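Me: I have a model open and would like to go through the labels one by one. Could you tell me what stands behind each of them?

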Amino acid sequence: MFAPTSELSRQVKEAAAEAGFELAGIAGVGEFPELDYFPTWIAEGRGGEMAYLQARDEQGRLKRASPGAVAPWARSVVVCALNYNSDEPYSTQLQQPERGWISRYAWSRRDYHNVVMKKLKQVEAKISGQWAVGSGQQTQRPEIRTRLYVDTGPLVERVYAKYAGVGWMGKNTCIINQRLGSWLFLGVILTSLELAPDLPAPDRCGSCTRCIEACPTQALTAPYQLDSNRCISYLTIEKRGGIPEEMRAGMGRHVFGCDICQDVCPWNRKAPAGAEPELQPRPELVNPALEWLAEMNASHFAETFRGSPVRRAKLSGLRRNAVIAMGNSRHPKFAATLQRLSSDPDAVVAEQARWALRNIKR
Ligand code: SF4
Ligand code: SF4
């Protein structure tokens, strides 16, 4: 005999806490209204060039909008969250013009995908293994299916995080928890177990619009709506080739990701620092030196960012971003370096270096 779904849910959350997740909640595999908007968002091209968002099943349905299509056996979604905040200052406090900004989620040596996945596997082991039920005896639970995802699965994690009560979806499109703020990595477990769902987290943005006003590229086109093509995170990490000229100034000195719409969020003002040892920041990645990044070679890049999410931008993208940041700094000390990079073998870096040089001399 199985334990009641609410007891199972409690046990799953207990397993998540034991694995080191600060938050965990359960959502059903429902037709949530937020998922209806996703195909429109993709059709409007707001997902940019991110092909993994656009994957479709045999019927042509977007996998991310209909996880039931790729995992018809799934009955519940367990959403776990790990706090990655640190005591380091926010991007809005970046004073030194010769320094750049890497998003705080990428400051650690380990890639968060691996850290979160390792913890999810611990929870999965409990779900798939033996649970104390009924009289306290252990019973082997047959055919419990699970599938784990960190970021790239066939579902919009944030929607399930909301319905699992982990946090509400803020106007900046991030999940915000009332106690922990929004510096959260999400991991999900699709499972065939019928678990008692949590209540969705209520929206606590109220009349605040700070994130929309602070976004330097107007990527938040309306509350809760993000145009990735305008977002610095997308431009610096996912976009290949040159950055459209009209977007370069707005990128400021961001070389990998952007934290502004979270930095200004009042719910992050008192957000506690995370305790996960594998996610502690590396000092050289907090406000990195721009010349250091712009002049990296392949072996230096590989060695510096081994196991780091920064690899996703690739060497060419990171150097391109650093060159644009140098141009936006308008700091004359970069002129000689930019002059040299204007004839770099990487045509994208060379073109942006010529633009940056013109910017400095203006
Ligand atoms: Fe705007 Fe930066 Fe937030 Fe993207 S991450 S929406 S660019 S503030
Ligand atoms: Fe919501 Fe304000 Fe935070 Fe934006 S800055 S997510 S509107 S609370």
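Me: Where is the place of Asn287?
Reply: Asn287 sits in the loop between α9 (260–263) and α10 (290–294). Helices here are DSSP runs of H or I with at least four residues, strands are runs of E with at least two, and both are numbered from the N terminus. Please keep in mind that this is a predicted model, where local features need pLDDT of at least 70, side-chain atom pairs count only at pLDDT 80 or more, and totals for chains, interfaces and linings use all residues. Residues are numbered from 1 along each chain as its sequence is written, and side-chain values use heavy atoms, with hydrogens and water left out.

Me: Why does Asn287 count as buried?
Reply: Buried means under 20% relative accessible area, exposed means over 50%, and partly exposed is in between (1.4 Å probe, protein chains only). Asn287 has 14% relative accessibility, so Asn287 counts as buried.

Me: What is the phi of Asn287?
Reply: Phi of Asn287 is near 55°, a positive value in a residue other than glycine. For context, most residues other than glycine have a negative phi.

Me: Which helix does Lys314 lie in, and what is its phi?
Reply: Lys314 belongs to helix α12 (residues 314–329). Its phi is about 65°, again positive although Lys314 is not a glycine.

Me: What makes Ser128 partly exposed?
Reply: The relative accessible area of Ser128 is 27%, which also falls in between, so Ser128 is partly exposed. Its place is in helix α4. Ser128 and Thr191 are 63 residues apart in sequence, and their C-alpha atoms are 9.2 Å apart in space.

Me: How do you know that β6 and β9 pair?
Reply: Two strands pair if DSSP finds at least two bridges between them. β6 and strand β9 (residues 184–191) have four bridges, so they pair, in the antiparallel sense. Thr146 has Thr191 in β9 as its bridge partner.

Me: What is the strand order of the open sheet, and what makes β1 and β6 its edge strands?
Reply: This open sheet of four strands has the order β1-β2-β9-β6, with antiparallel pairing. β1 (23–28) and β6 (146–149) are the edge strands, as each pairs on one side only.

Me: Which strands does α1 lie across?
Reply: α1 lies across β1 and β2 (76–83), running at about 145° to β1. Such angles run from 0 to 180 degrees between N-to-C directions, with axes as lines fitted to C-alpha atoms, for helices over the stretch in contact. α4 packs on the sheet too, touching β2, β6 and β9.

Me: Which residues of α1 and α4 meet?
Reply: Contact means heavy atoms within 4.5 Å. Val12, Ala15, Ala16, Glu18 and Ala19 in α1 meet Lys119, Gln122, Val123, Lys126 and Ile127 in α4. The axes of α1 (residues 5–19) and α4 (residues 112–128) come within 9 Å and cross at roughly 145°.

Me: How many residues of the protein are there, and what share counts as buried?
Reply: The protein has 362 residues, and 53% of them count as buried. It contains 14 helices and twelve strands.

Methods. Chains lettered and ligands numbered in written order.
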